[in-house]
Amino acid sequence: MKMKQIKFVGATLVAVLMLLTSCLGESSNSGELYHIPGKIRFESGKLLIETYSGTFYTTQLSPYEYNEGDWVYIDLSYDMDSEENANAEANGYIYITLLANPVTVQRADISYRDTTQLAPNEIALTYAAVNVGYPQYFMLNGDLLMNSVFKEQTDIRYNFEIYYDNNQEPYQHDSRNTYTFYIRAIRTLEGKSPEIEYMVPNYYEVESILKSIDVKEQAAGKTEYNIAFRYINKIDTEKEEFTWTTQDPIRFLVNTEN
């Protein structure tokens, strides 16, 4: 699938400078940014990182260590006055220096699991989506990245899943059609004491789902809709009982470019 290339350089520099202005009280042509989510893309033999602030390039990453579409969090420094960025506009990316090894984000599965049944080794979530310096979610080229919170034993292993019922009828919230995504976590390896709080990022490949919603909403003459994240927040393992809860819906704009 061909990725849409972000037109970024002017907007990127503005975004970078705004971030630095808010942090340092003044603007600069160089600086540092931390915990930036980005998606790996290959172009002309180069490994590029698409982010909310634009497209970045560094010689510190090996193309053999990543696949197209992988998500990472990066800490970086940049210098727009450097020789490497002299032709940033023509190159289509900004040269950066990584300040630490990227943190790879796990890909979640698309699930068709029965929502009326508790899954084996299911984990109750505290929140399906939380704000970590960004909005509750991050969208890029049809991928949805969210940070979720739960309490579990130390060193457990887990997988996240997302379920969407294509036949669901949306409900109304703030005069917008609202569609429900089910977020679930499954323990794959037991941990050890003590119990700790996890806040973990996952990305969900929901492009086809969002396109189907866009088609419905556009046909109805709508320009925006909501997505609500539903998750299990209480589990009684002895009684095999569980409780679903729903976070406040998030507004999405209808994409008319599909």
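## Strand β6 and its neighbours

Trp 71 stands opposite Val 105 of β6. The two strands involved here, β4 (residues 71-79) and β6 (residues 103-107), run antiparallel and are joined by 3 bridges. Strands count as pairing if DSSP finds at least two bridges between them, and the strands themselves are DSSP runs (E, at least two residues; helices are H or I, at least four), numbered from the N terminus.

β6 also has 2 bridges to β15 (residues 192-205), and that pair runs parallel. Arg 107 finds its bridge partner in β15, namely Tyr 203.

## A word on the model

This is a predicted model, where local features need pLDDT of at least 70 and side-chain atom pairs count only at pLDDT 80 or more, while totals for chains, interfaces and linings use all residues. Residues are numbered from 1 along each chain as its sequence is written, and side-chain values use heavy atoms, leaving out hydrogens and water.

## Helix α3, two sides

Which residues of α3 are buried? They are Ile 209, Leu 210, Ile 213, Asp 214 and Glu 217, where buried means under 20% relative accessible area, exposed over 50% and partly exposed in between (1.4 Å probe, protein chains only). These residues cover an arc of only 135 degrees around the axis, so they sit on the same side of α3; the arc is taken from the directions from the helix axis to the C-beta atoms. Over on the other side, Ser 208, Val 215 and Ala 219 are exposed.

The buried residues of α3 pack against β10 (137-140), β14 (176-189), β16 (224-236) and β18 (250-253), with contact meaning heavy atoms within 4.5 Å. Just after α3, Gly 221 takes a positive phi of about 75 degrees.
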